[in-house]
Amino acid sequence: MRPAKHLAPWVVAGLALCACTPDTGTFYWDGIAQDTWASDTSGTDTSVYDTSGYELPDMAHVDNDGDGWTPSTGDCNDAEYAVNPGAYDDPENGVDDNCDGVMDSPIRDCDCGALPTLAEGMDLCDPAFILGANTNSYASAAGTGRGVRADYGTIGNALTPRYGCKFSMVGTGPIEPSIAGCATRQPGTDFYNPGGGGLFGCTSTEPDPDPTPPSDGALICDTNQIMLQLKAPTNAAGFSFDFLYMSAEYPEWVGEGFNDTFYAILDRPTAGEHLNISFDDFGAEIEVDNAFFEDPPTTNINGTGYTDFYIGEICGSSTGWLRTAWEIDPGEVFNLTFSIHDEGDGIYDSMVIIDNFQWSIEPVDPGTVII
């Protein structure tokens, strides 16, 4: 047995196969490819050497598939890039993608406890993929404009979770409907912001929630946001979430340009992207003039305050359930902000329900569709 020499680079091309008889447990470089090794059976040495006698790294510490994980750090299949502790365990592929010892067992249903967070309410459950979560609004009162609920409106109106036990909500007025129904949505709630200046405390300056530059100078009011910093699983190709948007601007303000709007703002620093990813087939943002908005209303949103009669007229409507999907790179760190605001004034409430966030290990078609 040759004595171990100092550690040297082991990725060396063209090495000849060692002519000596290796010892039991030794893995030796075969001179063909850096991740091709063979085992000997003649001795007891567990060290690893190249043909020049330099000690090589133990295979437990070698990342053969280049996924950032080694057997010593929990990689249960170091020949498959998409399998490691940083992966999302796809529930349908019959593989233990995340090496937790159980196949097809993603962490889900975290919104079934007593007090789920806004992230948990939309089924973002695995802490390995959540780097941060926060909220933002122009007014302290806007805290009443977000929350997590198990249902919404009249019992039996189909506004129940798409997945799990609850969903998350964010709006430009209080999310809780009142016995006054539509009268609380029209004229609605102005979350007056004394520091904002302008009409009703609105502002046309930063932070403008519209990700499309430049700002059009419109007054932005009652902004309410759920901000997430996420790290994509190492096997992720995309993500998706479901949502439903309601607005009391219907039907009076259809086509009038006020356009209280919901944005899903994606920030990808490594890709240099900052854009809204929820829009219709014509590129229109999610508001009452969007092609997904139901005119006349067809989705059952009874009891929400967005589909009642007020002084003999309908005051409110909604989209149906929609799904936005978008591409992402494996392991990428990015920000996703769900933002809703009044535009032009602080009245006439709007609201969005968000649920069923999912990672996808298969390529996705970017955009928003009816589900």
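1. Start with the link of C110 and C125. Its torsion about the S-S bond is -80°, which makes the link left-handed. The pair connects distant parts of the chain, 15 residues apart. C110 sits in the loop between strand 4 and helix 1, and C125 in the loop between helix 1 and strand 5 (130-137). Keep in mind that the model is predicted.

2. The sulfur atoms of C110 and C125 are 2.0 Å apart, and the two residues form a disulfide. C125 has a relative accessibility of 11%, under the 20% cut-off, so C125 counts as buried.

3. Next comes the disulfide of C76 and C99, with 2.1 Å between the sulfur atoms. This link is left-handed, at -80° about the S-S bond. C76 is in the loop between strand 4 (55-56) and helix 1 (118-121), and C99 is in the loop between strand 4 and helix 1. The pair therefore ties together parts 23 residues apart in sequence.

4. C99 is buried, at 18%.

5. C112 and C165 also form a disulfide, their sulfur atoms 1.9 Å apart. The torsion about the S-S bond is about 85°, so this disulfide is right-handed. C112 lies in the loop between strand 4 and helix 1. C165 lies in the loop between strand 6 (146-149) and strand 7 (167-171). The pair thus ties together parts 53 residues apart in sequence.

6. C112 is partly exposed at 37% relative accessibility. C165 is partly exposed too, at 33%.

7. The count of disulfides comes to three.

Definitions and conventions: Residues numbered from 1 in each chain as written. Predicted model: local features only at pLDDT ≥ 70, side-chain atom pairs only at ≥ 80, totals over all residues. Heavy atoms only, no water. Disulfide = S-S within 2.5 Å. Helix = DSSP H or I, 4+ residues; strand = E, 2+ residues; numbered from the N terminus. Buried < 20%, exposed > 50% of the residue type's maximum accessible area, 1.4 Å probe, protein only.
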